[in-house]
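Colleague: Could you walk me through this model, one piece at a time?

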Amino acid sequence: MIRRLKYNEIDFKKYTDCLEKSEQKKYSASKSFLDVTTDKQWDVLVHNDYNAVMPVPFILKKGIKIVHNPLICQQLGVFSEKDDKKLNEKFLYFLQKNYLIRAYHFNETNSFDSKLKTKKNFLLYPNEYAKVFAKYSPKRKRKLRLDDEVTENSELKEIQYKEAETFIKNNVIGLDKEHDTDTLLKTLETFHASKHLKFLAFYYHHEITNMIAIYSDYDTIALLGTFNDKKYIKMAGASTLIDHVIKENIENFIFDFEGGNLPSIEEFFRGFRPELKHYAVIENSKKTLIRDFARFLMRGKLS
C-alpha cells in the first residue's frame with residue numbers, strides 16, 4: 001500500500017535508512033539536500049513500512065500544491081532495495097492521481113512500462129584516473145594542454161562564498177528570472193555553510209575567469225554549476241577545473257555532470273567520455289495544469 005505523508009509526518013530515520021540501502025541511492029533525495037532546495041516543502045510517498053519511498057517536492061500557488069522539481073535538484077523518483085518496474089508504476093499512478101504536476105524527475109535507475117519523456121545525464125564511475133583520462137576525447141585532451149603563457153600565469157584555488165557570489169552574479173546564464181538567481185545563490189550559500197559544497201576557481205593573471213560549484217555527499221561528487229567569463233571562454237579554464245576534480249576524486253567517487261540536454265553543454269560533457277544515462281520525467285504545460293486542476297476540483301482531490 002502506498003500512502004502520502006506530509007513533511008511533519010515523515011519518519012526521517014526510516015526514510016534515510018531506505019534511501020541509503022536503495023539501489024537508486026541519490027544525494028539529491030537526502031533530507032539535507034531537499035530541505036534546502038525546497039525550503040522544506042516536500043511530501044513523501046511511502047510503500048508499506050518504508051520499504052520504498054518517493055520524495056515529492058512542491059510549490060504553493062494560492063494554497064494549492066503543485067509538484068515541481070526545485071532548482072539544481074536533477075533527479076528524485078522511487079527508492080527501494082531493488083528497482084521494481086511494477087512498484088514504480090504504482091508510485092507513478094499514485095502521483096498522477098493525487099497531485100497537480102508541473103515537473104517531476106525520476107532517476108536513471110527507475111524503469112517503467114509507461115512511455116515517459118526522458119532527459120540526459122552523464123556519469124563517470126570510479127576508476128583509476130589514468131584510465132579515465134585515457135578515454136577523454138582528443139579535443140578535450142588538447143584543451144587541457146594549456147599554453148605556456150597561460151600555465152605560467154594561472155592557478156586553481158578554492159574560494160569562499162562571497163567571492164563566488166560576485167562572480168556568479170556577473171556571469172550566470174540560463175536562468176530566466178532574477179528570482180531564480182537569488183534562489184540559486186541562497187541554495188549554494190547554505191550548502192557551502194554545511195560543508196557539502198566547494199567553489200573552485202581558475203585564476204588568470206590574478207583574475208577569476210572560470211568557476212565551478214562541486215557538491216559532495218554519499219558516493220558522489222556532483223557538478224552543480226559552471227560559471228565562465230565570456231572573455232576567456234576559449235582558454236579551457238572550465239575543462240581544467242573539472243579535470244582537476246576528477247583527478248582528485250574519481251578513484252573513490254562517482255562524478256555526476258548533472259545534465260546535458262542543451263547541445264553545447266552535452267558536447268562539452270561528452271568530451272570527458274562519461275556514460276550517458278536517461279531518466280524519466282513528467283512535464284506538463286500550464287494549459288494541462290489548468291485542465292487537471294478542474295478535474296481535481298470535480299473529484300474533490302485538492303486539499
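Modeller: Asp11 caps the N-terminal end of α1, with a side-chain oxygen 3.2 Å from the backbone nitrogen of Lys13. That is a polar contact, meaning a pair of N or O atoms within 3.5 Å; within protein, one must be able to donate a hydrogen and the other to accept it, and residues adjacent in sequence count only if both atoms are side-chain atoms. This is a predicted model, where local features need pLDDT of at least 70 and side-chain atom pairs count only at pLDDT 80 or more, while totals for chains, interfaces and linings use all residues. Residues are numbered from 1 along each chain as its sequence is written, and side-chain values use heavy atoms, with hydrogens and water left out.

Colleague: Which residues of helix α1 are buried?

Modeller: Buried means under 20% relative accessible area, exposed over 50% and partly exposed in between, with a 1.4 Å probe and protein chains only. Helices (H or I, at least four residues) and strands (E, at least two) are DSSP runs, numbered from the N terminus. In α1, residues 12–21, the buried ones are Phe12, Tyr15, Cys18 and Leu19.

Colleague: Why do they line one face of the helix?

Modeller: The arc is that of the directions from the helix axis to the C-beta atoms. Seen down the axis of α1, the buried residues line one face because they fall within an arc of 125°.

Colleague: Which exposed residues does the face turned away from the buried side of α1 carry?

Modeller: The buried side has a cover that includes α2, β2, β3 and β5. The face turned away from it carries the exposed Lys13 and Lys21.

Colleague: Is Ser80 buried or exposed?

Modeller: Ser80 sits in strand β5, and a polar atom of its side chain lies 3.0 Å from the backbone oxygen of Lys82. With a relative accessibility of 3%, Ser80 is buried.

Colleague: With which residues is Lys82 in contact, leaving aside neighbours within four places in sequence?

Modeller: Lys82 belongs to the loop between β5 and α3, and is exposed at 62% relative accessible area. Contact means heavy atoms within 4.5 Å. Beyond those neighbours, Lys82 touches Glu23 and Gln24.

Colleague: Which element supplies the largest share of the lining of the second largest pocket?

Modeller: That lining divides into 5 nonpolar, 3 polar and 3 charged residues. At least two residues each come from β9, β10 and α9. The largest share, 4 residues, is from α9.

How values were computed: Ala, Val, Leu, Ile, Met, Phe, Trp, Tyr, Cys and Pro count as nonpolar, Asp, Glu, Lys and Arg as charged, and the others, Gly among them, as polar.
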